[in-house]
Amino acid sequence: MTLKRVVLVVTCVVVAVLGWVFAVSQWETASRIATVASALAGVAAVGVGIWAALPGASPSGVVVRNTGAAKTAGAGSAVSGYRGSRPRGPVTVEQTGDAEATGEGDAISGYSEK
């Protein structure tokens, strides 16, 4: 479970508990309805604000799956997977096809950095 999701779940639980406490303890007067609504909205706003300020669950990365075969002749490149500079996030390469190079070419079936 990511940190953002934990903050969101905790915020929901706190709002529910406060709602129950207000409903049980001092619900006699109509002015308490405004107090309850304001308190719940305030807690929810703080929780959502913290949640929005946190960084994303995972940085962007590269995912390559189920690629076909790649062939080259001469000085070309055959890539059945991923070739490039390393991204910020993870690189996932699964079930790549065959890569075949003849002559002076190169072949990559999987992952290679430039």
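## Start at Arg 83

Select Arg 83: at 28% relative accessibility, this residue counts as partly exposed (buried means under 20% relative accessible area, exposed over 50%, and partly exposed in between, with a 1.4 Å probe and protein chains only). Before moving on, note that this is a predicted model, where local features need pLDDT of at least 70, side-chain atom pairs count only at pLDDT 80 or more, and totals for chains, interfaces and linings use all residues. Residues are numbered from 1 along each chain as its sequence is written, and side-chain values use heavy atoms, with hydrogens and water left out.

Asp 106 lies in strand 7 (residues 106–108) and Arg 83 in strand 4, so the pair ties together parts that are 23 residues apart in sequence. Helices (H or I, at least four residues) and strands (E, at least two) are DSSP runs, numbered from the N terminus. Asp 106 is partly exposed too, with a relative accessible area of 32%.

## The other salt bridge

How many salt bridges does a search of the whole structure find? It finds two. For the other stop, pick Glu 94 and Arg 65, whose side chains meet at 2.8 Å, N to O. Glu 94 sits in strand 5 (residues 91–94) and Arg 65 in strand 1 (residues 62–65), so this bridge ties together parts that are 29 residues apart in sequence.

## A buried threonine

Next, click Thr 72, in strand 2 (residues 70–73). Is Thr 72 buried or exposed? Thr 72 counts as buried, because its relative accessibility is 14%. Leave aside its neighbours within four places in sequence, and Thr 72 is in contact with several residues, including Ser 77, Glu 100 and Asp 106 (contact means heavy atoms within 4.5 Å).

## Two rings

Show the side chains of Tyr 82 and Tyr 111. Their ring centres are 5.7 Å apart and their planes are at 5°, so the pair is stacked. The rule: rings of Phe, Tyr and Trp (its six-membered ring) pair if their centres lie within 6.5 Å, and planes under 30 degrees apart count as stacked, over 60 as edge-to-face and the rest as tilted. Tyr 82 belongs to strand 4 (residues 82–84) and Tyr 111 to strand 8 (residues 111–113), 29 residues apart. Tyr 82 is buried at 17% relative accessible area, while Tyr 111 is partly exposed at 32%.

## Over to helix 1

Jump to Thr 11 in helix 1 (residues 3–25). Thr 11 is buried, with a relative accessible area of 10%. Beyond its neighbours within four places in sequence, Thr 11 is in contact with Val 43, Ala 44 and Gly 47. Try the distance tool on the C-alpha atoms of Thr 11 and Val 48: they are separated by 7.7 Å, although the two residues are 37 apart along the chain.

Stay in helix 1 and pick Val 13, which is partly exposed at 47% relative accessibility.

## Zoom out

Finally, show the whole chain as a cartoon. What is there to count? The chain has two helices and eight strands, and along the sequence they follow the pattern α-α-β-β-β-β-β-β-β-β. Of its 114 residues, 17% count as buried.

Note on methods: Salt bridge = Lys/Arg side-chain N within 4 Å of Asp/Glu carboxyl O.
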